[in-house]
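Please open the structure in your viewer and keep the selection panel at hand. The stops below follow one another.

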Amino acid sequence: MDDKENDVSNNQQNISEIELIKRITKSFKNKNSSTKIDIGDDAAILCFDKTNLAVSQDILVEGVHFDLSYVPLKHLGYKSVVVNVSDIISMNVKPSQALVSIAVSNRFKIEALEELYEGIRLACSAYGVDLIGGDTTSSNKGLMVSVTCIGTIESNKFTLRKGSKEEDLLVVSGDLGSAYMGLQVLEREKKVFEVNPKSQPDLSNYSDCIERQLKPEARVDIINHLKELNIHPTSMIDISDGLSTEINHLSDNSGLSFHIYEDKIPISEH
């Protein structure tokens with residue numbers, strides 16, 4: 001269980017997911033020595049002999065995390081794997097296996113599910129991940145996709161959120177903001193279509209940011225590059241929930257504050 005920072009409604013009260021997780025899991029105590037890192041990072045770490053196993057899971061729910069009026073099923077399948085791959089990579093670990101479970105209503109034809117799984121297959125192929133199982137069940141409303149991703153690493157070469165030290169340099173692996181802008185464009189065009197179903201939107205000027213939203217890529221190249229340079233980061237985190245949110249997580253875990261220079265933030269130009 002990771003702590004993706006979304007708003008969760010709980011008896012009329014909106015609290016963040018990390019606050020909810022802390023509240024509902026506060027009485028749980030680990031009983032197995034193989035549990036090395038539990039709730040609170042991008043992935044859990046399990047230790048067996050000299051091998052560490054990183055495990056992460058995310059669930060995507062129709063109407064909450066995606067809108068099928070503008071998200072193709074193939075893209076959804078691809079993205080559902082990539083968001084989990086990214087969590088494993090943010091532990092400085094390469095992903096190796098995945099399990100995919102879906103809950104689907106009867107409005108989806110078999111051909112639609114084949115399209116979803118084609119996207120899953122493409123993502124698994126792109127990142128060298130084996131699909132090793134999962135589950136399928138019915139849903140009385142909409143579509144839900146849950147992916148568990150696994151990666152292995154020897155010894156203690158994984159990277160946690162809490163390792164930041166004074167005078168460390170805080171960096172991001174790419175430019176920011178384009179996925180958010182892609183979502184805004186898609187939502188805008190959806191509203192236009194609802195008013196005028198015959199409209200034909202021209203999205204050619206927004207292809208880059210829409211691709212970032214519909215077909216994101218995990219930065220496996222970063223951990224390859226770090227290994228080539230023999231650099232072991234003190235801390236890492238997936239920033240799919242936004243830069244400020246994730247910096248707060250790093251701060252909470254390390255007990256340090258961070259100086260951010262606005263003019264140094266790499267904002268996407270697309």
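Are α4 and α5 roughly parallel or roughly perpendicular to each other? The model is predicted, so local features need pLDDT of at least 70 and side-chain atom pairs count only at pLDDT 80 or more, whereas totals for chains, interfaces and linings use all residues. Residues are numbered from 1 along each chain as its sequence is written, and side-chain values use heavy atoms, with hydrogens and water left out.

Select helix α4 (residues 178–195) and helix α5 (residues 207–214), whose axes come within 7 Å and cross at roughly 100 degrees; axes are lines fitted to C-alpha atoms, for helices over the stretch in contact, and angles run from 0 to 180 degrees between N-to-C directions. The two helices α4 and α5 are therefore roughly perpendicular to each other, the class for angles of 65 to 115 degrees.

Next, select the open sheet, in which six strands follow the order β3-β4-β5-β8-β6-β7 with mixed pairing; helices (H or I, at least four residues) and strands (E, at least two) are DSSP runs numbered from the N terminus, and two strands pair if DSSP finds at least two bridges between them. At the edges stand β3 (35–37) and β7 (130–138), each with a single partner strand, so one side of each is left without a neighbour in the sheet.

Zoom in on β6 (residues 95–104), which pairs with β7 in the parallel sense over eight bridges, and find Ala103, whose bridge partner in β7 is Thr137.

Notes. Parallel < 35°, antiparallel > 145°, perpendicular 65-115°, else oblique.
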